[in-house]
Amino acid sequence: SDVCRKLRRLVTDMFYDIYMAAFLKAMDDPMNIPLEVRMFLVFGFLDEELAGENYTAILKRLLEEYRPDPEGNVHTIFQWLIKIDNGQVPPSKNEFDLDYPAYLRDLRVNGEITEAREKVLLRDAEEKVRFELGNLFKLGNRMTFGRMSVFQPVFDAQNVLTDLSRAYLSNEKLHEAMDKIRSIDGSIFLRDRDYNNEALGISHCLVTKEVLPNIILMPNVGSKGALWQEIEGKKRDTPARFMFPIFLSEDLLKTMIGVCGDFRWEMTKTEQGVHWNDLSDPSLTSEYSDYIQYYRKNHDLSLEQKEKVKKILQKSGNNLRKTFVTDYYVYMISESNGSPLMNKVTRSILFNYCPFTEEIRNKLKMNPQYTELLNRYHTHQEQKLRPLMNIIRRVEKQGDQVP
């Protein structure tokens, strides 16, 4: 009803006002934050009657046992806001895809702030936290909750639809899920970068480095994970930002694969820019877009396979990215285990741009559906390796140590 909707909106607005005030107060003396306040900042806990005696005890125990992620990839929303406040990470983009400096520039151009005020706000830690709370936190909390029409941010026993201890996303669980994905799609978090070293006579060499995402845990019992942004600002070698509820009611690996599928798609779009769907510049997004656009005319697909593509498209609301994520899930779960459920065209695109790790490739050697794909992959890898080996031999011949 309208009354409930208004009440939910009122409670939600008040929650974030309280959160901001509590966060600022906590930063005055971060070593002496009362346990109940930390339960609020990490889990959204406000009231023992709402949470129930049993769940209150579980939240208390989890917080007392909690240790920050030693790898530095997993953060509670409270820890994340501390990083924003300390200037360790820049604020995330807002819902209009503007980062904090671009947002301030927009305000100045529209006459809402002066140039002098813009310079002050660019350095204002509290305003950066407000920006993050008003964008990533508010929207991310609702998105990860899953049931957006009935969302309210206060921890409430009514919203606990699963075993709370089992649903809790610990650092270990999240790293295990990410490691599982990296053991299948080994190149998912690799970024190409240009290496040069004048002292060794290396002017141009393409190398890769792995950049794992930041995972930010929202204080709710939710059912969805989400990709907020694939890079920070314009730097291609910066971590993506994934969001998960701190208590997940769904299967973690399945949810993580969905978020990683989104990441694969959006990262390629970022790298390709305006050419993301231009087939003259081959990429994951351009080849997949072309395949979906013309699947009805594709002679490599049977009538049955075309009907299957049509159903996947309908299920995803004709959304290209969602359709890709559906295929990516099948690729990661079934194809990697030697159960070929995909059609020849989709399998070829995904293996070309998301090749399986060596262990899985070796298992698929005897599978005739992968013979041609594996041969093409090895030929491509040898072509990439050749100039690199030439550089290595030249450096060794000079008597220098290879970087």
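Cys-260 has a relative accessible area of 0%, so Cys-260 is buried. Cys-205 counts as buried too, because its relative accessibility is 7%. Keep in mind as you look around that this is a predicted model.

A disulfide, after all, is a covalent bond between the sulfur atoms of two cysteines. To count here, a pair of cysteine sulfur atoms has to be within 2.5 Å, and the count for this structure comes to zero.

## The nonpolar core

Now for the inside. The largest nonpolar core has 100 residues, and the ones that touch the most other members are Tyr-19, Phe-242, Phe-247, Met-256 and Tyr-328. Helix H11, which covers residues 252-272, gives the most to this core: eight residues.

Let's pick Tyr-19 and see what it touches. Leaving out residues up to four places away in sequence, Tyr-19 is in contact with Phe-40, Leu-41, Ile-77, Phe-78, Leu-81, Leu-133 and Phe-137. There's also another core that lies apart, made of six residues, including Leu-104, Leu-107, Ile-113 and Leu-121.

## A mostly covered helix

Have a look at helix H12, residues 284-293. How many of its 10 residues are buried? Seven of them are, so this helix is mostly covered. The buried ones are Leu-284, Thr-285, Ser-286, Tyr-288, Ser-289, Tyr-291 and Ile-292.

What do these buried residues of H12 pack against? They pack against H11, along with helix H13 (303-315), helix H14 (320-333) and helix H15 (344-353).

## A nonpolar patch on the surface

Nonpolar side chains turn up on the surface as well. Leu-7, Leu-10, Val-11, Met-14, Ile-18 and Leu-46 form a patch there, and together they have about 510 Å² of accessible area.

One of them, Ile-18, lies in helix H1, which runs over residues 2-28. Is Ile-18 buried or partly exposed? Its relative accessibility is 39%, so Ile-18 counts as partly exposed.

## Salt bridges

Side chains of opposite charge can pair when their charged atoms come close. This structure holds 17 salt bridges. In one of them, Arg-5 pairs with Asp-2, with the closest N and O atoms 2.4 Å apart. Both of these residues are in helix H1, three residues apart, or about one turn of the helix. That spacing makes sense: an α-helix has 3.6 residues a turn, so residues three or four places apart point the same way. Arg-5 counts as partly exposed because its relative accessibility is 45%.

Lys-93 and Asp-97 form another salt bridge, where the closest N and O atoms are 3.6 Å apart. Lys-93 is buried because its relative accessible area is 14%, while Asp-97 is exposed, at 54%.

Then there's Arg-166, whose side chain meets that of Asp-163 in a salt bridge at 4.0 Å, N to O. Arg-166 counts as exposed because its relative accessibility is 65%, while Asp-163, at 38%, counts as partly exposed.

Notes: Residues are numbered from 1 along each chain as its sequence is written. This is a predicted model: local features need pLDDT of at least 70, side-chain atom pairs count only at pLDDT 80 or more; totals for chains, interfaces and linings use all residues. Side-chain values use heavy atoms; hydrogens and water are left out. Patches are made of residues with over 30% relative accessible area and no salt bridge: like charges are joined within 9 Å, nonpolar side chains (Val, Leu, Ile, Met, Phe, Trp, Tyr) within 5 Å. Accessible areas come from the Shrake-Rupley method with a 1.4 Å probe; for residues, only the protein chains shown count as cover. Helices (H or I, at least four residues) and strands (E, at least two) are DSSP runs, numbered from the N terminus. Buried means under 20% relative accessible area, exposed over 50%, partly exposed in between (1.4 Å probe, protein chains only). A nonpolar core is a set of buried Ala, Val, Leu, Ile, Met, Phe, Trp, Tyr and Cys residues joined through side-chain atoms within 4.5 Å. Contact means heavy atoms within 4.5 Å.
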